[in-house]
Amino acid sequence: MILAGDLSRAALRRQLRQVRRSLSPQQQQRAARSLYRQLAQHPLFRRARHIALYLPNDGEIDPRPLLREAQRRGKATYLPVLSAWPRTRMRFQRVHMHEEMARNRFRIDEPKANPARQRKAWALDLVLLPLVGFDLYGGRLGMGGGFYDRSLAYRQLRKKWHKPTLLGVAHECQQVDRLALASWDVRLGAVVTDRRWYG
């Protein structure tokens, strides 16, 4: 666990990104397999019909085995798609097996934007979110662009219905003792690492 202490969010983000990037390819593969084993048979994953995931970048834990498993089971799977610069919106777009991807402005693979295949966040059942750091209180430190927070901001206004379930996925080494959250930060329902569930 990393102690946030007096580190700024930017300094903490740099430190955590370096830690996850330092994992070897073998460690990354083991982590992806462990994530798959913990989630593939979990009721949250099994019951969900519409699941949003992401393609790994910058040392993030790899959820692609879960993406393939969800597609194999006939679930509708979605990946984030960013709007064209300078807009800062993100949509969730349905993807199919072996779909061709293109690089976005952050050099992350995503499907070519097609509004007809996009789904509102509130109409999803489960979202697996990448993160830079997490704590045991639902706190998530992202890459700093705020794309997920803006896409899920409507949840702050809801009192009862909080669809979709937000599940952070990460390497165990990304745990922080306590994150200082901003008013716009959207809390996670739980976090799954390569070692265990939190929340």
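Q: Are Lys112 and Glu100 buried or exposed in this predicted model?
A: A residue counts as exposed over 50% relative accessible area and as buried under 20%. By that cut-off, Lys112 and Glu100 are both exposed.

Q: What is the N to O distance in the salt bridge of Lys112 and Glu100?
A: Lys112 lies in the loop between β5 (109-111) and β6 (118-119), and Glu100 in the loop between β3 and β4 (101-103). The pair is twelve residues apart and links distant parts of the chain. A salt bridge needs a nitrogen to oxygen distance within 4 Å. For the side chains of Lys112 and Glu100 the value is 3.9 Å.

Q: Which residue forms a salt bridge with Arg73?
A: Arg73 is partly exposed, with a relative accessible area of 25%. The closest N and O atoms are 2.8 Å apart, and the partner is Glu69.

Q: How many residues apart are Arg21 and Asp58?
A: The side chains of Arg21 and Asp58 meet in a salt bridge of 2.9 Å, N to O. Arg21 is in helix α1, while Asp58 is in the loop between β1 (50-52) and α4 (64-72). The pair links distant parts of the chain, with a separation of 37 residues.

Q: Is Arg20 buried or exposed?
A: Arg20 is in helix α1 (residues 9-21). Its contacts beyond four places in sequence include Gln28, Asn57 and His171. The limit for a buried residue is under 20%. Arg20 has 0% relative accessibility, so Arg20 is buried.

Key:
Residues numbered from 1 in each chain as written. Predicted model: local features only at pLDDT ≥ 70, side-chain atom pairs only at ≥ 80, totals over all residues. Heavy atoms only, no water. Helix = DSSP H or I, 4+ residues; strand = E, 2+ residues; numbered from the N terminus. Buried < 20%, exposed > 50% of the residue type's maximum accessible area, 1.4 Å probe, protein only. Contact = heavy atoms within 4.5 Å.
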